[in-house]
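Hi,

Here is the structure I promised to pass on. Have a look at it first, and then read on for what turned up.

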Amino acid sequence: MEVRLEHITVRFGQKTVFDDFSLHLATHTHLLVQGPSGSGKSTLLRLLLGFCVPDEGRIHIGGKPLNAQTVWSLRQSVAYVPQQLPRVEGTARQLLEQVHQFEANQRADFSEQTILSHFGRFGLQPGQLEQPVRELSGGEQQRLALTGALLLNRPLLLLDEATSAVDAERKAQMMDYISSLKDKTVIIVAHDPGWRAGQTLDLTSTHS
């Protein structure tokens, strides 16, 4: 899925996060976004999700303009993995069932076989499906969140520090698998140098 940001300006009070910023990603491109805290990494993802509206400029996803009229339909093409899951009650299975129950997600394959395939790939145990989410470690929650996003099978995947709490072995497994997703456009916000992507964007340069 093609992503295009044209002459984007974003201000929060007296702070300018982006000033005439442009970015073009061709379909199936993988982009690693780096930069110090406050440089706009998470704001970039929020722009693409429609949670942040630019003060100036235009955003196109899949050739369609992102605006108040299109945001809902365009979000159905995006899977997002936050750095940390919000506090939720219930088991891992119940969380995934809740995601699947949304109307936009009901055609996705959330079968137990597919779920456990991802669990095995990322070092989660089958029994953890019945474990309360709040009892999972930070790294296990991140792997669960990635599983949920991949089950949606959306063409645009956004990852916001999605492996920050994962141990080195599991992190490498997750990175390798995401790098193998040649049929998706992937935007990875990460400090970790181990990520491999076709393009790298250093947001430090946008604030120089």
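This is a predicted model: local features need pLDDT of at least 70, side-chain atom pairs count only at pLDDT 80 or more; totals for chains, interfaces and linings use all residues.

**Cores**

Leu146 belongs to the largest nonpolar core, which has 36 residues. Together with Leu144, Leu157, Leu159 and Trp195, Leu146 is among those with the most contacts inside this core. Several elements give two or more residues to it: strands E6 (78-81), E7 (156-160) and E8 (185-189), plus helices H3 (92-101), H4 (112-121), H5 (138-152) and H6 (168-179). H5 gives the most, with 7 residues. If you colour the model by domain, you'll see that the core draws at least three residues from domain 1 (1-77 + 155-207) and at least three from domain 2 (89-154). There is also a second, separate core of 30 residues, and Leu23, Leu25, Leu74 and Val78 are included in it. As background, nonpolar side chains in soluble globular proteins tend to be buried together.

The largest pocket holds about 800 Å³. It is lined by 26 residues, and the closest to its centre are Tyr80, Val99, Phe102, Asn105 and Leu152. H5 turns up again here, as it gives the most to this lining, with 5 residues. Helix H2 (71-75), E6, H3 and H5 each supply at least two residues of the lining. Sorted by class, the lining has 20 nonpolar, 4 polar and 2 charged residues. Why does the largest pocket lie between domain 1 and domain 2? Both domains give residues to its lining, so the pocket lies between them.

The second largest pocket has about 160 Å³ of space. Of its 14 lining residues, Val53, Pro54, Leu66, Asn67 and Ala68 are the closest to its centre. Strand E4 (56-61) and H2 are the elements that give two or more residues to this lining, and E4 has the largest share with 3 residues. By class, you'll find 9 nonpolar, 3 polar and 2 charged residues around this pocket.

**A loop residue**

One last stop: Pro132, in the loop between H4 and H5. Is Pro132 buried, partly exposed or exposed? Its relative accessibility is 22%, so Pro132 counts as partly exposed; the cut-off for buried is under 20%. Leaving aside neighbours within four places in sequence, Pro132 is in contact with Gly90 and Thr91. The C-alpha atoms of Pro132 and Gln94 are separated by 8.9 Å, although these two residues are 38 residues apart along the chain.

Cheers

Methods
Residues are numbered from 1 along each chain as its sequence is written. Side-chain values use heavy atoms; hydrogens and water are left out. A nonpolar core is a set of buried Ala, Val, Leu, Ile, Met, Phe, Trp, Tyr and Cys residues joined through side-chain atoms within 4.5 Å. Buried means under 20% relative accessible area, exposed over 50%, partly exposed in between (1.4 Å probe, protein chains only). Helices (H or I, at least four residues) and strands (E, at least two) are DSSP runs, numbered from the N terminus. Domain bounds come from an automatic or database domain assignment. On a 1 Å grid over the protein atoms alone, a cavity is a set of points where a 1.4 Å probe fits but cannot get out, and a pocket is an open set with protein on both sides within 12 Å along at least five of seven lines; lining residues have an atom within 4 Å of a point. Grid points are joined across faces, edges and corners, and a volume is the space filled by probe spheres set on the points. Ala, Val, Leu, Ile, Met, Phe, Trp, Tyr, Cys and Pro count as nonpolar, Asp, Glu, Lys and Arg as charged, and the others, Gly among them, as polar. Contact means heavy atoms within 4.5 Å.
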